[in-house]
Amino acid sequence: MASCSRAQVISLYRMLMKESKKFPSYNYRTYALRRVKDGFRENLHVDNPKTLDMLINHARENLAAIKRQVSIGHLYSAQKTIVEKEPHL
């Protein structure tokens, strides 16, 4: 696979973040968002093209997994947690 450009990496990051925000469960949603941020931050200074391609492929696989889990999560309803509930004013 050809080396990915910075724009492609940023686009993949945005897709992962956008899809992670769709989790209906607060716990899964915050975990996925934190893992995406930490994963990209951890590999910020990777310069090796082979390693970069491997990481991009892994991120694409994770995006597909997140999409599947989000669709499964929407099949089952769950109560909102205290953290998610709107305050009564």
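Modeller: Helices (H or I, at least four residues) and strands (E, at least two) are DSSP runs, numbered from the N terminus. This is a predicted model, where local features need pLDDT of at least 70, side-chain atom pairs count only at pLDDT 80 or more, and totals for chains, interfaces and linings use all residues. Residues are numbered from 1 along each chain as its sequence is written, and side-chain values use heavy atoms, with hydrogens and water left out.

Colleague: How do you know that the span of helix 2 agrees with its number of residues?

Modeller: The expected span is 1.5 Å times one less than the number of residues. Helix 2 (residues 26–42) has 17 residues and should therefore span 24 Å; its end C-alpha atoms are 24 Å apart, which agrees.

Colleague: Which residues of helix 2 are called buried?

Modeller: Buried means under 20% relative accessible area, exposed over 50%, and partly exposed in between (1.4 Å probe, protein chains only). Arg29, Ala32, Leu33 and Val36 are the buried residues of helix 2. The arc is taken from the directions from the helix axis to the C-beta atoms; they cover only 95 degrees around the axis, so they lie on the same side of helix 2. Asn27, Arg41 and Glu42, on the other side of helix 2, are exposed.

Colleague: What does valine 70 touch?

Modeller: Contact means heavy atoms within 4.5 Å. Not counting residues up to four places away in sequence, valine 70 touches Glu19, Lys22, Phe23 and Pro24.
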